[in-house]
Amino acid sequence: MRARYLTAKTTDCHSCGMMYDFSNLSHPDFEDLARDLVGRELNLRFESFPEGPDGGIDGRHAMADGAIVLQAKHYHRSGFATLKSKMGKERAAIDRLQAKRYILVTSAPLTHKNKAALAAVIGPSLQGPGDIFGPGDLNALLRKHPDVEKAHQKLWARSTMVLETVVGDAVVKALDKPGTVPSSAEVLQSILDRTYKDVSAKVSSAHLALKFDPTVYVKRLLEDDIEDWFAAAQAKSSTCFLVLAPAGSGKTNLLCRLAKASSLVRPTVLLIGSQLRIDSNYGIWTQVFEACGISALANQSRSDRVGVVKELARHSRAGFVIVLDAINEHSDPVSLRRELSMFLAECEQSGIRLLVSCRDYYWGLFDANWWGLFIRSHHDERKSTRRVLGNFSPEEAGHAFKLYFEHYEVSTQPLGNALEQFRHPLLLRFFCETYRGESLGRLRDIRLKDLFDTYWERKLGSIAERMIDQGTIGVLPELKRSVAKCILDIATHMLANNVRAIPVLTAQQLSLSDTLPSQLPASYGRILDEHIVLEELDPWGTNETTLVAFVFEEFMEYAMARSMLAQWRAMDLNEIYAGVVTITERYNDFSQVLGVVLYLALMLKEKRDIALWSTLIDRGPQWEKVIIEAFKKLPENQIDDGVFEALVDLLRAPHPSTQIEALELLKYGRLRRVPTPNLVAAVGELVTSNDLRIRRRALLALGSCPADFAIPLIERAITTPIHKMTHAYEVAKNAATSLVKLNTEDALPVIALMCGGFWHADNIGEIIAPYISANLAAVYDLLASDNVVLRLGAVRMLGHVLSRETLTNLESVVANLRAQPPTWSYKDLPDWVRVSGGHFLFADLKIDGRDGEHVEIASALTVIQKLKMQLGWKERKEALHRFVDDLIKDSDSCRLHDAIATLEYDSEAVVKLLQAGLEMRDPNKWKVHKGRWGILIVPRGKKRAECSLEERRDLARLLRLEEGKIRSEGATIGVGGSSYDYWKEYIYRCWGWDPVIKGYFDHWD
């Protein structure tokens, strides 16, 4: 690469024919350029004056025998006629100056005759037309004095050639070798190479390498969204992609992976929150320039630096990306928040994409309204690029278990709760670190705090044993205490000084032990060797101040809490409460106290049965979040009435976010204990909330409460008016989920009310169908109810029971109703039916003046028609599957070949035929399944987008296709278009025949 720079051809903007018209300069900018350029040509220094009426002077050079006066007229758009008129009006002012020499500089295009006419208007102060400088003269001077051109960045803001010169000079200087300026392509390639090396160095540095291990990296679903956002760099999408994540969810792993992949195709800068410097003049841009290798522009303003990066982004077809990980780890959140508001605006102006991550706990320190300006698409403001990265999805978790257990040689089978708990990336990592090389058998439950406890004890033991093996004198228990004291003293020092890192000399001093005969920092050195507890950092890259920090922030918070627990051992209850209040007051100075107090609360509850919940609730909304996180981590045997009393207070808190989080704990019985009546009542207060987020969650939470309390509250929720039909559907769906879960007879009338009074009730059929089938007799009983909404609901409920018997019974219902007088009136409908969309079910009869007719008849006829159609589909599908099974079983190739062209589409039947053909030709290698966008053929045991190049070639040969037709996701069979029999073509190919029916590839080609 360096050789390429030394042989690169010099590029000069004017040698390439570049001519400026100065239209991109403001009036003050043009005056500055005029003074500098003419002054350089005449070897004179012109004074400058502030903006305002200039009296004919924009620049002056004072001499003993009279002043030389320069005046600039930026008349690019106005033209010669306007300039001549203006100069005529200023003639008197020019004469009063009595200048020895008057010079006019203008951006208005001038001919030789134009200059002569202006000279006559200006008068004797002008020595001649040669002292009138037009655009042509200025461009000639710029060619003569290129240093002036470079100094005026706004002049060349859109000039590729000058960009090459400025950035190229910086590159050549950075190489510490003389050389000529490279071309723009070489400049961009150089920056791409430099940022790639910078990203690679950072992700493999001691700090990140302990967190980002590519050998056990699991691809996250969020990656595709972010990579698509990267790829849309030239489109008008949002400037920032914000990733919020709980501790240990893998955000650093994700951002390292994305940064490394992005650096292969575009300039990408990776910045780490804990190592971020905010320069007093240039803010974050200093580190951006250092990563790009263009730090030579030291004397430029901040806007000049932004302009250079803007040009780089504009000339990079793949865009320019900055990845900023863990802003919550910065030592000064207030300053960083202020800097980010400017930095994001500058990124937006420059076309740069900024990927930011923050731990959700500490987002409150950075949250502001201006974030919304940068995380919304310019095309659609409703589309936000703010995402939450949580635990592994079930699909990701399966892949993670395999990778981690193999890498750490752990033999175990997670079951029950452990399957859910292992989806937490940090918990999985610490578990494997703790039990490396062990066989544990079946595992049903594990929590992060408990895992930290086990990890703590094991690491103390292994470090102490290694110290003895290496010659340290002492007995094992004493050495373990020494190691523990070293870690806790470091944690205590950090907490006392509100810092996440301390100088290495301080850490070594803290590690000295009076109990060891040697005063060497043996404990500290052995702890450092573990590579997962402590690490040494050189955050500024100067090797002047090496700092010590905990590798994982959450383990640091655990260690700090453990140190406080040791210090508070002798305190009574009141002293502990006072100490908690004191430490919470330090939140603004050291935000990590949130996590510290979380683990402290768990330890105090476990060791001394002291609950901090009421004390923390009084401290404000950020501490309410700490309580909720603590409840998530509490073992089941510690969830007592005090926890439920605290939850009641949280549900009645004035903050919707707190109420939502508290309801999340109760959903699906996550606390695994029956709620108390007071807690159920508190949930019931929220089922009629105007905030749909709260109402939905409250309904789901009631599904884990005693049915006697919950069902009346659910009925109250659905009979409370909802002013949007879409909201009514959300309420009905969650209410139905909880009622079916409660599974009592009392739930049936409430379900019937929903089906009769909600327009969207048909959409909850999948939820309620099994319950209806199990309580069919009770549904028929409701047909005789005095309540018209219940009767109508019963009719619609029968539409979810697909059988000939149901069809016959409904026809009988219609006949009976026609023989009876109606018993309802439109005006008698309850208000909740009118505003929940249910009035549409009754409206036709009202509009036609048939208010007294049976509304159930019209609904029953609709249900009968639907059942007949569905039964017809069902019977045809069953016949089709029998036919397909017979074709496959008979193995009559000729019959099968001829039958394919006449088949109707059914996804399950198509999958059967495709799989049978592949199994016959290439057994046990390929898997066919229905995906979101069509039918997929992939290698067995692999997921979409995991086909290797060799597997793609094998599949292409098998299907008689060109290699390029099979992509990494496998063979995708589109089934969306009714006019294309794509699936038939693939059946022929899977059985090894030439397609009789084509269309798929012909259509796309």
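In the predicted model, helix H12 gives the most residues to the lining of the largest cavity, namely four. The largest cavity holds about 400 Å³ of space. Its lining consists of 25 residues, and those closest to its centre are Gly248, Ser249, Gly250, Asn253 and Phe552. Three helices each supply at least two residues of this lining: H12, which spans 251–262, H19, which spans 425–434, and H24, which spans 553–567. Sorted by class, the lining of the largest cavity comprises eleven nonpolar, five polar and nine charged residues.

Four cavities of 30 Å³ or more were found when the whole structure was searched. Empty space of this kind is located by rolling a probe the size of a water molecule over the atoms. The second largest cavity contains about 50 Å³ of space. Its lining is formed by Lys449, Asp450, Leu602, Glu606, Lys633, Leu634, Pro635 and Gln638. Helix H20 (448–469) and helix H26 (593–608) each contribute at least two residues to the lining of the second largest cavity. Of the residues in this lining, three are nonpolar, one is polar and four are charged.

The largest pocket has a volume of about 1800 Å³. It is lined by 42 residues, of which Pro246, Asn391, Glu629, Lys632 and Glu661 are the closest to its centre. Two or more lining residues come from each of strand S9 (386–388), helix H18 (417–421), helix H28, helix H30 (656–666) and helix H32 (692–702). Among these elements, H28 gives the most to the lining of the largest pocket, with six residues. The lining of the largest pocket divides into 17 nonpolar, seven polar and 18 charged residues.

Helix H28 also takes part in helix packing. Two packed helices are described by the angle between their axes and by the distance between the axes. H28 (residues 621–633) packs with H29 (residues 641–651) at an angle of about 140 degrees, and the axes of the two helices are 11 Å apart. At this angle, H28 and H29 are therefore oblique to each other; the limit for a roughly antiparallel pair is over 145 degrees. The crossing of H28 and H29 is left-handed. On the H28 side, the contact involves Glu624, Ile627, Ile628 and Phe631, which meet Val643, Ala646, Leu647 and Leu650 of H29. Seven of the residues in the contact of H28 with H29 are nonpolar, none is polar and one is charged.

Helix H29 packs with helix H31 (residues 677–684) too, at an angle of about 15 degrees and with the axes 9 Å apart. Angles under 35 degrees count as roughly parallel, and H29 and H31 are therefore roughly parallel to each other. The crossing of H29 and H31 is left-handed. In this contact, Phe644, Leu647, Val648 and Leu651 of H29 meet Asn678, Leu679, Ala682 and Val683 of H31. By class, the contact of H29 with H31 has seven nonpolar residues, one polar residue and no charged residues.

Definitions and conventions: Residues numbered from 1 in each chain as written. Predicted model: local features only at pLDDT ≥ 70, side-chain atom pairs only at ≥ 80, totals over all residues. Heavy atoms only, no water. 1 Å grid on protein atoms, 1.4 Å probe; cavity = no way out; pocket = protein on both sides within 12 Å on 5 of 7 lines; lining within 4 Å. Points joined across faces, edges and corners; volume = space filled by probe spheres on them. Nonpolar A, V, L, I, M, F, W, Y, C, P; charged D, E, K, R; others polar. Axes fitted to C-alpha atoms, helices over the stretch in contact; angles between N-to-C directions. Parallel < 35°, antiparallel > 145°, perpendicular 65-115°, else oblique. Left-handed = near helix turned anticlockwise from the far one by under 90°. Contact = heavy atoms within 4.5 Å.
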